[in-house]
Amino acid sequence: MPLPIPRSLLHRLPKAELHVHLDGSVRPQTLLELGREFGIALPADDAEGLRRYMHVDDARHLEDYLERFAITLAVMQRADALERIAYELLADAAADGVRYIEVRYAPVLNARESLTMVDAVEATLRGIARAELEFDIMGRVIVCAIRNMAPEMALEAAELAVAFRRRGVVGFDLAGGELGNPAALHERAFRHAREHDLACTCHAGEGDGSGSVRQAVHVCGAHRIGHGTRLMDDESLTQYVNDRRIAVEICLTSNVQTKAVESYADHPLRRYFDMGLSVSLNTDNRLMSNVTLTDEYVAAHEHLGFSFDELARLAENGFEAAFLPWLDRQSLLARVRAEIDSLRDELPA
């Protein structure tokens, strides 16, 4: 077991967040205020009560976990709300030592009332741009399609993502309940994104087996995999993902909550890392998982024995796998590595 690492040091470690959902990362106080403003009944009448209710600690599987999103989405049907929530997410991430963040969400879920999907993207980008001016953080957007919706809807989401490709959207994703909703049905949407030079990620191997990851890789052509906890069940595919440097977006806490793994200690992150896979740490949903990115680094240290140098490598992996132009990534990495070197001098002897 490596020497204990002070939490304050991991808090200051410069980090990249590649897998975080906008509708899963609303501040409880903001949820309360927007609910009151819009006349929406909420399951608690104070911020702390909402925080406790929204923290999913009783899910039997992924689908249970996803049910809480109906509450946050109810207050995310207006442009000003989306802008505020995006701004606050970047503010919170910056305070957590995050220097680069890719915020993902499905605009179709924010277009249930008066907003169009274009409105939903523009509002979120405004919030991100405002936060970038005030905090030491860079933000981008990944547009999600939803697995259990019609393939035509996924294609529309991909077209939307492509339309904003040079305006802050850097990727396309497929999210939602995995089991019974194969990614292969949405191959056309992924093809559209790739043919227009837009990077792709795909939730896979979280609520379904390694075959789901195989579809994401070989049918959808994903450049990154969201979660990938069941990837390890297919040795050949794991080697392929490693050899092709297909990055895996690891979300420790939510994987425990959704029963993708039984415990932190059972998570395949350590195995993946030791094999040399490109793996990074992410929160998934800061509200539902009641977690910060620093918490995830602490968990990797305490439950999986990651040393400071190994955690620094995880942090660098996040910047290397970002859906940014390569030269931009190199610039970020140069700054990050210099900061990491200075933090090493503060490690306990």
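Q: Which residues touch the most other members of the largest nonpolar core?
A: In this predicted model, local features need pLDDT of at least 70 and side-chain atom pairs count only at pLDDT 80 or more, while totals for chains, interfaces and linings use all residues. Residues are numbered from 1 along each chain as its sequence is written, and side-chain values use heavy atoms, with hydrogens and water left out. A nonpolar core is a set of buried Ala, Val, Leu, Ile, Met, Phe, Trp, Tyr and Cys residues joined through side-chain atoms within 4.5 Å, where buried means under 20% relative accessible area, exposed over 50% and partly exposed in between (1.4 Å probe, protein chains only). Among the 119 residues of the largest such core, the most other members are touched by Phe172 and Leu269.

Q: Which helix gives the largest share of this core?
A: Helices (H or I, at least four residues) and strands (E, at least two) are DSSP runs, numbered from the N terminus. The largest share is eight residues, and it comes from residues 79-95, that is, helix H6.

Q: How are the rings of Phe172 and Phe190 arranged?
A: Rings of Phe, Tyr and Trp (its six-membered ring) pair if their centres lie within 6.5 Å; planes under 30 degrees apart count as stacked, over 60 as edge-to-face and the rest as tilted. The count by this rule is three aromatic pairs. For Phe172 and Phe190, the centres are 5.1 Å apart and the planes stand at 70°, an arrangement that is edge-to-face.

Q: How many residues apart in sequence are the parts that the pair of Phe172 and Phe190 ties together?
A: Phe172 and Phe190 are buried. Phe172 belongs to strand E4 (residues 169-175) and Phe190 to helix H9 (residues 187-195), so the parts tied together are apart in sequence by 18 residues.

Q: Why is the pair of Phe273 and Phe306 classed as it is, and where does Phe306 lie?
A: The ring centres of Phe273 and Phe306 are 5.1 Å apart with planes at 70°, so this pair is edge-to-face. Both residues are buried. Phe273 is in helix H13 (residues 269-275), whereas Phe306 lies in the loop between helix H14 (293-304) and helix H15 (308-320).

Q: Are H14 and H15 parallel, antiparallel, perpendicular or oblique to each other?
A: Axes are lines fitted to C-alpha atoms, for helices over the stretch in contact, and angles run from 0 to 180 degrees between N-to-C directions. H14 and H15 pack with axes 10 Å apart at an angle of about 140°. Angles under 35 degrees count as roughly parallel, over 145 as roughly antiparallel, 65 to 115 as roughly perpendicular and the rest as oblique. H14 and H15 are therefore oblique.

Q: Which ring lies under the charged end of Arg224?
A: A charge sits over a ring if NZ of Lys or CZ of Arg is within 6 Å of the ring centre and within 35 degrees of the ring normal. Arg130 lies over the face of Tyr87, at 4.0 Å from the ring centre. The charged end of Arg224 is 3.7 Å from the centre of the ring of Phe323.

Q: Is Asp284 buried or exposed?
A: Asp284 has a positive phi, near 75°, in a residue other than glycine. Its place is the loop between strand E8 (279-281) and H14. With a relative accessible area of 2%, Asp284 is buried.
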